[in-house]
Amino acid sequence: MSIEIKMPALSPTMEEGTLAKWLVKEGDTVKSGDLMAEIETDKATMEFEAVDEGVIGKILVAEGTDGVKVGTTIAVLLEEGESAGAAPAPAPKAAAPSSPLPAGEGGAPKGATGEGDKPATAPASASPSPSPSPSPSPSPSPSPSPSAAEAAPPSPAGRGEERVKASPLARRIAAEKGVELSALEGSGPNGRIVKADVEGARPGAAPAAKPAAAAPAAAAPVAAAAPKAVPIPDIPHTAEKLSNIRKVIARRLTESKQTVPHIYLTVDIRLDKLLKLRTEFNAALEPRGVKLSVNDLLIKALAVSLIQVPKCNVMFTPDQLISFQRADISVAVSTPSGLITPIIADANSKGLAAISEQMKDLAARARDNKLKPEEYQGGTASLSNMGMFGIKQFEAVINPPQGMIMAIGAGEKRPWVIDDALGVATIMSATGSFDHRAIDGADGAQLMQAFKALVENPLGMVA
């Protein structure tokens, strides 16, 4: 009997993906473990392995196709003795207004973090390679499967017989808040209404009027309507379609700034002792081929600071404050596709050489979109260093559900009071962004104080 190969959910937040490349063609024989395709998710390009043996009877989704929903049949695998003509056509999609699979609405760096819904069923014939393992840190529980209320057809008022396109999670939130879906404009793929469109809408908002009809004067305004299309000036330009990664970055950063109250704390830190110690370490580690960067030392300093000030090593949830027992540091890495934050797990306990080697490996694979989900999902805090670009100081956006991120500026020669005399020292500005729901200003100040002390007296982080 032929087997349908379905689009897998390669991360907890994946709702759709891009079938970047087929590694097999129709008529090819595959066995368990063979690579079949490359799929671009919201954070990486992952290889897709076969689980069953058989012959590729029909490829139903061409490579390069984006917006392929999780659970969509992408190919048909024939078992021994079957012919291509015996392969059943994929079942037509039902006319129900919602997808049978719950769709995640979260996103990583950020962070990443298990905010979306997981697919109701796993693909029967293929699995991602490698299989994601649990995040290093607890993440919010996935939303329940769509209920009958979620699947109920939306009111056609204001849209005639047109079906309202909305994710199951958006339907559930709309039902709970009493929001009329037909009153909203969707910001998702093909105008689909997603969680962000519903969360800010007011209950009882009037359905969107048809273009020919005048809107009633008493109609309640839509509080969080999706932004309208922006007219493009008549200036020579190029247009590049947004990648899945860029869409997720945009969504998560917007959600962070809209929902997380940020508080920013800045300290100036003298780097001379740290730079001297780094030179000594690199001389000792040269026979092993290890070369520490300043960033490696700052990762360690932040991790140790979080253990010293545990009130900042936390995650906020609607009804709990999660305090972590170790420091997993997400480190911002710029890639051609966008920003991603691979994680140095248990950085407070790792040696500097181990942090350096792991960071180089993670950064290289991040730029090739080859990270495993567990290597960028989770983390208890983040570090973003723009000093190499000469940036003196900046304020970074928190990567929810983490409680803080440390922004590192460039080290530069500045006038400095040394032993009550004016001199010159290498100074760096560091700014911590804290989730004020979870971290009080005084606790954030203690973390910045601890970080400054460790960087200025670096032997304290390796003792």
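Met-386, Met-388 and Phe-389 form a nonpolar surface patch of about 350 Å². A patch of this kind joins nonpolar side chains (Val, Leu, Ile, Met, Phe, Trp, Tyr) within 5 Å, taken from residues with over 30% relative accessible area and no salt bridge. Phe-389 sits in the loop between β17 (381-385) and β18 (404-408). With a relative accessible area of 62%, Phe-389 is exposed; the term exposed stands for over 50%, buried for under 20%, and partly exposed for values in between (1.4 Å probe, protein chains only).

The structure is a predicted model, in which local features need pLDDT of at least 70 and side-chain atom pairs count only at pLDDT 80 or more, while totals for chains, interfaces and linings use all residues. Residues are numbered from 1 along each chain as its sequence is written, and side-chain values use heavy atoms, with hydrogens and water left out.

**Overall composition**

The protein chain contains nine helices and 20 strands, assigned as DSSP runs (helices H or I, at least four residues; strands E, at least two) and numbered from the N terminus. Of its 463 residues, 46% are buried. The accessible surface of the chain is about 22100 Å², and carbon and sulfur atoms account for 56% of that area.

**Nonpolar cores**

The largest nonpolar core comprises 53 residues, and those with the most contacts inside it are Leu-302, Leu-306, Ile-329, Met-404, Ala-430 and Phe-451. Helix α6 (residues 294-308) contributes the most to this core, with eight residues. Apart from it lies another core, of 23 residues, which includes Ile-5, Val-30, Ile-74 and Leu-77. A nonpolar core is a set of buried Ala, Val, Leu, Ile, Met, Phe, Trp, Tyr and Cys residues joined through side-chain atoms within 4.5 Å.

When neighbours within four places in sequence are left aside, Ile-329 is in contact (heavy atoms within 4.5 Å) with residues including Ile-299, Leu-302, Ala-303, Leu-306, Ala-381 and Leu-383.

**Helix α7**

Helix α7 (residues 352-367) has 16 residues and spans 23 Å from its first C-alpha to its last, close to the 22 Å expected at 1.5 Å a residue; the expected span is 1.5 Å times one less than the number of residues. Among the buried residues of α7 are Leu-352, Ile-355, Met-359 and Leu-362. Just after α7, Asn-369 adopts a positive phi of about 55°.

**Salt bridges**

The whole structure holds 14 salt bridges, each defined by a side-chain nitrogen of Lys or Arg within 4 Å of a carboxyl oxygen of Asp or Glu. Three of them are tabulated here.

| Pair | N to O distance |
|---|---|
| Glu-412 and Lys-392 | 3.9 Å |
| Arg-437 and Asp-435 | 2.8 Å |
| Lys-452 and Glu-456 | 3.1 Å |

The salt bridge between Glu-412 and Lys-392 has one partner in strand β19 (residues 412-418), Glu-412, and the other, Lys-392, in the loop between β17 and β18, so the pair ties together parts that are 20 residues apart in sequence. Glu-412 is partly exposed at 29% relative accessible area, and Lys-392 is partly exposed at 47%. Both residues belong to a network of salt bridges that links Asp-268, Lys-392, Glu-412 and Arg-414.

In the second pair, Arg-437 is partly exposed, with a relative accessible area of 37%, whereas Asp-435 is buried at 2%. In the third, Lys-452 and Glu-456 lie four residues apart in helix α8 (residues 441-456), and therefore about one helical turn separates them. Lys-452 is partly exposed, with 24% relative accessibility.

Methods:
Patch = residues over 30% accessible without salt bridge, like charges linked within 9 Å, V, L, I, M, F, W, Y side chains within 5 Å. Areas by Shrake-Rupley, 256 points an atom, 1.4 Å probe, with all protein chains shown as cover.
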